[in-house]
Amino acid sequence: MTTAARKSTTSKKSTKTSTKTRQKTLLVVESPSKAKIIGKYLGSSYKVIASVGHVRDLPKSRLAVDVNNHFEPEYINIRGKGPVIRELKKEAAAAKRVLLATDPDREGEAISWHIAHLLGIDPNSECRIEFNEINKDAVKEAIKHPRAIKMGLVDAQQARRVLDRLVGYQISPLLWKKVRRGLSAGRVQSAALKIICDREDEITNFVPEEFWNIYADFGNDFKAQVSKRRGKKFKIPDKAAALSVKEDLSENPYEVREVKRKDKKTNPYPPFTTSTLQQDASIKLNFQARRTMQIAQQLYEGVDIKGMGSRGLVTYIRTDSVRISDGAREQAHKYIETMLGKEYTGSGKFTNKKNKDIQDAHEAIRPSDVELDPEMLRDSLTPDQYKLYKLIWERFVASQMAPAISDTVSVKIQNGKYELAASGSTPKFDGWRKIYRSSSSADKSMNIPELAEGDVLTAKNVETEQKFTTPPPRYTEASLVKTMEEQNIGRPSTYATIITTLGTRRYIKREKKSLMPTQLGFDVTKIMSEYFSDIVDVQFTAQMEDNLDSVELQKMPWRNTIDEFYGNFEKELERADAEVERIEQEVVLSDEVCELCGKPMAIKEGRFGQFLACTGYPECQNTKPIMIKVGVPCPKCGKDIVQRRSRKGRIFYGCSGYPDCDVTFWNKPIDRTCPKCGSLLVENTTKKYRYKCSNKECDYREE
């Protein structure tokens with residue numbers, strides 16, 4: 001064969017290979033686990049790869065927003081993403097078609113836009129697909145309906161990113177200079193912190209007021225409370241007034257004036273949104289918002305199910321909508337009718353209360369397949385995955401069920417000038433409560449006998465009860481998330497990050513479930529309230545969220561939103577820099593002395609918590625961690641077990657001999673060993689039992 005012939009043959013082979021290679025469609029998603037699952041759905045004609053989140057962003061080292069050029073953001077390729085970007089470009093060049101299938105929200109749309117920029121794809125072309133759940137049918141259906149990138153979503157994300165960068169990167173240096181290094185401020189973060197600080201001020205300044213309740217006890221657990229005097233509600237302020245009412249009651253008969261009986265229907269709760277999922281997981285599972293979102297993401301992206309392979313178990317987890325698809329509703333109704341009976345099936349339709357245009361983009365959070373009940377998946381899921389999936393599944397199924405019906409009775413009893421009232425209810429039909437119970441689901445159970453108007457009753461006793469008004473409770477994660485949603489501060493998808501940041505910066509601390517501001521949190525809030533009142537103002541922050549929604553709907557240019565904010569902000573920044581005096585942090589001395597110079601050691605706050613530092617600084621720069629002993633010797637080396645805190649702020653317990661000894665526990669150990677295997681016992685965090693064995697392979701539990 002001649003050289004020319006060989007070249008011709010090689011050229012034909014090359015052309016054939018190139019044509020064959022370019023037969024594949026490249027599908028780009030965000031996470032590797034999602035890519036793996038979707039790749040199996042689509043087969044060999046598709047190449048599915050992950051961008052692993054954002055590929056372009058503002059650089060961390062500088063502001064990177066040109067305020068003099070209409071707030072032009074200066075995007076760069078994210079450091080460390082070089083290999084991913086090279087793979088994207090290589091696979092895109094070899095593909096006949098590229099589809100961008102990042103998450104179906106503002107952030108996902110922006111990621112697609114950045115990828116399109118890197119790959120030279122026209123954002124107006126049909127390059128974008130989205131699906132609300134990861135299953136074969138949903139993905140294949142999405143591929144049939146590609147669309148252009150929605151610039152409203154992209155611009156809303158850009159506006160939020162630029163706003164947060166302007167606030168964070170210009171106030172944080174001020175806090176470093178005036179308070180201490182390592183602090184941060186944020187447009188939503190600072191508003192949330194002020195809510196917590198304001199509540200603490202309410203509690204501190206609260207003055208309790210005395211009041212009294214009076215009950216007439218008619219026996220058989222039937223009591224009625226004095227509620228009105230001469231037809232009007234009144235307050236019994238002290239013991240003398242209570243005794244006076246009690247004496248008045250003894251002078252007159254108790255006559256039944258009104259008896260009302262009726263069936264009360266209680267409708268089911270709607271399926272979960274991001275916010276309500278975080279709230280319920282906090283209340284029922286004791287999950288922090290961050291933990292809830294991490295586990296929910298795993299359930300959405302896909303889990304290996306025994307005998308079924310990898311599959312996504314829930315729909316997209318970042319949503320404000322309570323809407324569900326007709327297909328999901330039909331499937332749920334069929335399941336309920338088969339398993340429980342037709343009488344348990346309800347309408348299952350719910351309406352979004354706020355901005356329908358924004359909220360209705362995605363369905364509520366629900367199981368991808370209601371037939372996969374939690375017990376079927378228990379062996380395939382981690383304990384946390386099982387708990388959260390069960391919560392989502394039960395809430396969704398209950399939302400499609402019939403109302404619960406209670407038999408209620410209310411009674412009004414007249415005694416001279418006083419009116420007494422009693423009410424109670426008993427379950428008649430459990431309805432949705434057969435599947436799902438909330439903290440307010442229980443019926444009031446009072447034994448109210450058969451009564452008729454005109455009946456005269458005899459009180460066996462009249463009870464007086466002293467009470468005091470109580471201050472508002474401290475926020476928990478659940479109540480803070482609820483408040484932020486009600487006041488339109490931030491987005492549900494950001495709540496977990498905001499609360500985590502407040503804890504990481506030591507602006508708040510936790511006492512059991514309660515969130516309390518630290519002195520540092522108060523100091524920062526004081527500066528923010530005095531000099532950056534707009535940023536911590538709830539109404540202003542809510543209005544900014546509305547503006548971002550308007551940008552998404554393309555009713556407002558995103559740069560105008562920034563422009564409206566920045567003029568006043570720039571002046572506030574200059575004034576704060578000139579006027580804020582440095583806040584010296586209180587020096588708290590410990591009982592320890594420095595082993596290097598003999599001076600006392602002070603307790604200091606750092607990025608990862610408290611530590612001891614020599615008061616002889618800067619001459620002596622000795623520091624060491626604070627050791628909180630738990631009174632238990634290390635089972636490996638005999639040294640003290642001490643409380644520690646991870647880089648993410650989570651408390652754990654480890655040997656004080658670290659790094660020579662690496663014994664650690666997530667639960668607090670006690671000075672007792674397991675009777676089955678000899679390992680240390682640790683405190684349990686659930687109510688089912690008090691202690692458990694620290695050995696994961698041992699099943700010993702103790703009440």
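This is a predicted model: local features need pLDDT of at least 70, side-chain atom pairs count only at pLDDT 80 or more; totals for chains, interfaces and linings use all residues.
**Ring pairs, overall.** I looked up how many aromatic pairs the structure holds and got 15. I picked two of them to go through in detail.

**Phe218 and Tyr254.** I checked the geometry here: the ring centres are 5.3 Å apart and the planes stand at 85 degrees, so I put this pair down as edge-to-face, the cut-off being over 60 degrees. Next I looked up where the two residues sit. Phe218 is in the loop between strand E8 (210-217) and strand E9 (223-229), while Tyr254 belongs to strand E11 (residues 254-266). They are 36 residues apart, and the pair links distant parts of the chain. Buried or exposed? I noted both Phe218 and Tyr254 as buried.

**Tyr335 and Trp393.** In this pair the planes are at 90 degrees and the centres 5.7 Å apart, so I have another edge-to-face entry. I traced Tyr335 to helix H11 (residues 326-339) and Trp393 to helix H14 (residues 383-399).

**Charges over rings.** Last, I went through the Arg and Lys entries. Which ring does the charged end of Arg199 sit over? I found Tyr475, with the charged end 4.3 Å from the ring centre. For Lys284 I wrote down the face of Tyr436, at 3.7 Å from the centre of that ring.

Key. Residues are numbered from 1 along each chain as its sequence is written. Side-chain values use heavy atoms; hydrogens and water are left out. Rings of Phe, Tyr and Trp (its six-membered ring) pair if their centres lie within 6.5 Å; planes under 30 degrees apart count as stacked, over 60 as edge-to-face and the rest as tilted. Helices (H or I, at least four residues) and strands (E, at least two) are DSSP runs, numbered from the N terminus. Buried means under 20% relative accessible area, exposed over 50%, partly exposed in between (1.4 Å probe, protein chains only). A charge sits over a ring if NZ of Lys or CZ of Arg is within 6 Å of the ring centre and within 35 degrees of the ring normal.
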